[in-house]
Amino acid sequence: MFDSRNRALALTIVRRTVSTLITLLGVAIIVFVILRLLPGDAITASLGVNAGLLSPAQHAALVHFYGLGKPPVQQFFSWLGASFSGNLGVSLSAQQPVSTLIDQAAPVTLELSIVSLVLGLLIGVGFGMIGALKPGKVGDEVGQGIAVVGLGVPVFVLGTALVTFLSSHFHYFPSSEPYASLFSDPWLNIQQIFFPSLVLSIGIGAAIMRTTRAAVLEVSSQNFVRTARGKGIKARVVTWRHLFRNALVPIVTMSGIQLGYLLGGTVIVEQIFILPGLGRLLVTAINERDFPVVQSITMLFATAFVLVNLGVDVICALIDPRSRGR
Amino acid sequence: MVRVPGFRTAAVAVVGACAIAAFAAGASAHNAASSTVVFANTSSVQKLDPDVVTNFVDFQALHLIYDTLVTYNDKLQLTPDLATSWSFSNGGKTITFQLRKNVNFTDGTTFTSANVVASLERVKDPKTADAASSFIASVTKIVPDGTYAVKLLLSHPDASVLNGLTSLNLAMLSTKSIAAGTLSKTPVGTGPYQFVSWVPNNSFTVNANPGWWGGKVTVPQVEIKTIPNEQSIASALQAGTVQIGLMTQPQITEHLPGSIDVQKVLDLSYRALMLQDRTGPLANLYNRLAMACALNRQSVLTSSVLGQGKVIGPVPLGPYTSSPISAVCPTQNIPMAKSYLQKAGNPGGFTFTAMTSTDLDATSSAQAIAVQSQLKQAGITMNISNLASNAYIQDWLKGKFQGAFAENDADPNPYTMYGRYFAPGANLGVPSGYSSAALQRILTKSDSVTTPAAAAAQFKALSTYLTANAVWLWLFDGYVYAAVTSNVHGFSLPPTRELNSIAKATVS
């Protein structure tokens, strides 16, 4: 039986789920339309200027092969319908089911994202707490320095610098070896994932750190914290139960936003670190005008992003009852 | 002192992770098996059907598996491959090929004239959509002449068919594979290597073909690995996980350590400013000649590719190479440019727009900026429009440009290069932007002669015509690079950029 608190929470979840579905439909339409509005088509993307060498009969054969003759609305609904049934189509270039390509690439990106987020949270929350509890001290200064680097230096510069440094000084570039999954070769996998994750986590950690620092500083000046300290409650308890917990909502919100940044960052980092993930698959597919792959991965990224936001809203509602029903 | 309880654990975790990584770094990873040579390329293999590939790395990869009837040697002269000899008859309208015996496909079938017929008929079938079918457009019939000879009957004398037959798009295929429809999934050829695996966007692997007609293959396995940027290729070379990096950027190859041998060869391509000569100011010959005289092509080469290349004429490489100094105004001559503008009736110069695409040629914007400043000295204003690759290709195909900075494929046979643009009924007549009966006559004649001396005279006339009329402005040919680690011996990169010399290389 629902009490009023649970009812408000359930209402929040239902409302956010509906808006999530509407958002995803909007993304599907936008992606579909934008891809078709771009100049050129799958034939010119595949053949380049050599498309001009095709005879009319050859051109007609390719139009049929790529399904370019069908009306766009028919293409959209047949793609959407098939996607709902789990059929994402066949890659125009690789001639393999898109689902197979995504199955191969998704674990790489998922692992990279999780490790980056964990490292980013460790860096961000850790230095944020140090900065807030000991403002102006060495720890705070180090944290601010990391924040400047993380926010100011683009991921591709950090990544390229790290790869160049390790390979030229240590002859070490584990990502350039064939990709090993966590289950096939855990040790190599850790080496291949750690460095790109580190690069991504600095950017994520910087934003989380600044949010954590500001939120904890704000909470620490409130009366209930002074009261808790005055009552002689242990510092550890005051820090985590009073300060951190009350500063958690903006930290969780910022972490959710950073996950969006993370998805964008994986596209770049996978290029630099040669990881066969979704980001690299997406870039290749865009270059080759491989519509089924581009549409599917974009939808996957969009779905992940809105689901994370949905999760963030639910977590915030759980942490802070005041946010329920908004 | 304020403590941060729990942070210590987190800090230890981060430091621990770094220590693990540092340990790994100290361990150094040279894990590539010595039996495997790994090539790295920024592009990935995109298709496996040799008749439809257009991506350069596809050609390189599949050439390890497939053979053609005719091929080029290191001097870009025609040389036998699966055809041991050929001869023209019937006034140049029949070419008879004698085929190599004791050649087997890796599926166990034997190479005969039936394979030639089936392969070339597949190329000519519109459903295959082989863009290179234009190379054998003049072939009306492919007739077996016994088991080991075949005749190509032509609609008109067309010596460039031989050059066309060097293309992987006209490779010899297994009739069994054609019938089974498996060419796009499982390549089967007669070349030094046989297909093992292809991971799209990642790697392409082949093993030595023990029954190769060319003898023992000394490198047992070759992998072509996709590394999307050249800086990462340089890093992989230094880490020892890649043995040969195929690169184009001199600013990266110049910073490789001395232990890595960097081979550089002029690419079988050329950079030119293509002009639409049919309308506007560029329809006036003297305006175009003024542009040719205002150009300092050496300076364009220096500023766009750090001087890593060579100023060229219309035919950059091969037995019919044209001399760049025979062109009108071989070096920059601003007074002459201004005098041509006077003759054109434009003493104050004129304005036009040239398009570039850094997606297609990373150096094109730098070329355009250099050319822009040089033309300005003569009073000619060139606006630059940088387009995304698809927009550029679309406009290029429709001829919707006044000038286009292009990196075009070259061929040792000038007819193969320019017939597609300027010959009667040329497929690329629209983007070529120029047509004339005189040029068509030169091209037609050059293609009908079958002796090298006669061909040389015609191709010289072709080059002279193209430059004297400033049909386009030819700029330079840039180097491409193969960065080879010290443990690989005997590999050399030819201008065609084929990788097949790896079959006879050794790895220490």
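Student: What share of the residues of chain A counts as buried, and what makes a residue buried?

Tutor: Of the 326 residues in chain A of this predicted model, 43% count as buried. A residue is buried if 20 or more other C-beta atoms, placed from the backbone, lie within 10 Å of its own, exposed if 12 or fewer do, and partly exposed in between. As for conventions, the model is predicted, so local features need pLDDT of at least 70 and side-chain atom pairs count only at pLDDT 80 or more, while totals for chains, interfaces and linings use all residues. Residues are numbered from 1 along each chain as its sequence is written, and chains are lettered from A and ligands numbered from 1 in the order in which they are written.

Student: Why is S232(B) called buried?

Tutor: S232(B) has 27 C-beta neighbours inside 10 Å, and the cut-off is 20 or more; therefore S232(B) counts as buried.

Student: Where is S232(B) found, and which residues is it in contact with?

Tutor: S232(B) belongs to helix α6 of chain B, residues 230–239. Two residues are in contact if their C-beta atoms, placed from the backbone, lie within 7 Å. With neighbours within four places in sequence left aside, the contacts of S232(B) are V163(A), I272(A), I274(A) and I227(B).

Student: How many helices and strands are there in chain A, and what makes a run a helix or a strand?

Tutor: Chain A has 13 helices and zero strands. Helices (H or I, at least four residues) and strands (E, at least two) are DSSP runs, numbered from the N terminus.

Student: What are the domains of chain A, and how many residues are in contact between them?

Tutor: Domain 1 covers 1–92 + 321–326 and domain 2 covers 94–287, with bounds that come from an automatic or database domain assignment. Their C-alpha centres lie 30 Å apart. Four residues of domain 1 of chain A are in contact with seven residues of domain 2 of chain A.

Student: Which residues of chain B make up the side that touches chain A, by class?

Tutor: The contact takes 54 residues from chain B and 59 residues from chain A. On the side of chain B that touches chain A, the largest share, 10 residues, comes from α1(B). By class, that side of chain B has 28 nonpolar, 22 polar and four charged residues. Here Ala, Val, Leu, Ile, Met, Phe, Trp, Tyr, Cys and Pro count as nonpolar, Asp, Glu, Lys and Arg as charged, and the others, Gly among them, as polar.
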